[in-house]
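Let's take a walk through this chain, stopping at a few residues before stepping back for the wider view. Keep the structure open as you read.

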Amino acid sequence: ASTYALFIRDSHAAHEPLAGELADETGIDVGWRPLGGIDLVIDDEDEERVEGLWNEGRARGVVLERLDADSVHKMEPVVSGAVRWGLLFPEDQRVAPMLLGQALLEGAVSRGAHVHYDERLLHIEACADGGIVAQTSRARRHADFVVLAAGAWTARLAESIGASVPVRPVRGQHGCFAGPALRHVLRQGGHQLLSGARGTLVGATAEDVGFVNETTQEAARALGSVHAQLLKGPSVLRSQGAGLRAKPKAGRPMIGPLSDHPRVFIATGHYKNGVLMGPLTGQVVTRWLLTGDPGRDMEPFVPER
């Protein structure tokens, strides 16, 4: 397996113990559940893509199972008749991103972290003594290290210290639709469907619109069409949201120190895999800061590319 695939695999495995640790420390259930995932086939394009997943998965020893249409409908009764067959990944998991973020924040604060709200990082600069100064909207803050993990905004912050970190925003919109609960995570044509607290979540669009984080009627219609095509019942939109994903050049996350400023670390560019790759990214960067050694091959993730 590639270095990138191994990173994803190991971060995937880190979610279950992390969820347990956070529950013990903070009392917050972050929503980790071993639901399993099903890739659905409804047209010829899906056929080619999912057959490729099947062949690649078997070659790599991934646990997976082909499901005929009847098996898909038995496992997920609300799936529409348009589904030809599916590919089950029984080891797939899910987690609630907002709860995970809340638990991580509370856990960090309980261990001594200081959080400054309503304060913007304006730029950073290197000091003659080897340290770093972060100029914020409120103060000049001195640090031994700085980790820039500001998503697509990281590029602008890196520019203030003369570094080029080619990452850009891609808007993703999701919708929450009324309907019965799903038992698995469902995927089709780049979209993902799963049960949320208020209904079925359908996401997400991929829109190259810069730093515009607003919902649109066009996206609502597109997401509703996906819901109607894949699931039985009416597509009643309950709520809609949008976020900006950080898309990197060359497709791989950017993790590690800047070449000319080894005390400034970058951790961004995970694009659609931010939550998935978050646990291992945090562990690697922490070890790197404390020991000077990331503990694994990080060459594919060099920020400046």
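Asp 46 touches Leu 40, Val 41, Glu 51, Gln 188 and Gly 189, once its neighbours within four places in sequence are left aside; contact here means heavy atoms within 4.5 Å. You'll find Asp 46 in helix H2, residues 44-60. Helices (H or I, at least four residues) and strands (E, at least two) are DSSP runs, numbered from the N terminus. Asp 46 counts as buried because its relative accessibility is 2%; the cut-offs are under 20% relative accessible area for buried, over 50% for exposed, and partly exposed in between, with a 1.4 Å probe and protein chains only.

A quick word on what you're looking at: this is a predicted model, where local features need pLDDT of at least 70 and side-chain atom pairs count only at pLDDT 80 or more, while totals for chains, interfaces and linings use all residues. Residues are numbered from 1 along each chain as its sequence is written, and side-chain values use heavy atoms, with hydrogens and water left out.

Now hop over to Pro 257, which sits in strand S13 (residues 254-257). Its relative accessible area is 24%, so Pro 257 is partly exposed. Not counting residues up to four places away in sequence, Pro 257 is in contact with Pro 262, Val 264, Phe 265, Trp 288 and Pro 303. Gly 81 is another story: 176 residues separate it from Pro 257 in sequence, and the C-alpha to C-alpha distance is 50 Å.

With 53% relative accessibility, Tyr 117 counts as exposed. Together with Leu 105, Val 109 and Val 115, Tyr 117 makes a nonpolar surface patch of about 350 Å². Patches take residues with over 30% relative accessible area and no salt bridge, joining like charges within 9 Å and nonpolar side chains (Val, Leu, Ile, Met, Phe, Trp, Tyr) within 5 Å. A salt bridge is a side-chain nitrogen of Lys or Arg within 4 Å of a carboxyl oxygen of Asp or Glu. Areas come from the Shrake-Rupley method with a 1.4 Å probe, and for residues only the protein chains shown count as cover.

Stepping back, the chain has seven helices and 14 strands. Of its 305 residues, 40% count as buried. Among contacts with a separation of 6 or more, 68% link residues 24 or more positions apart.
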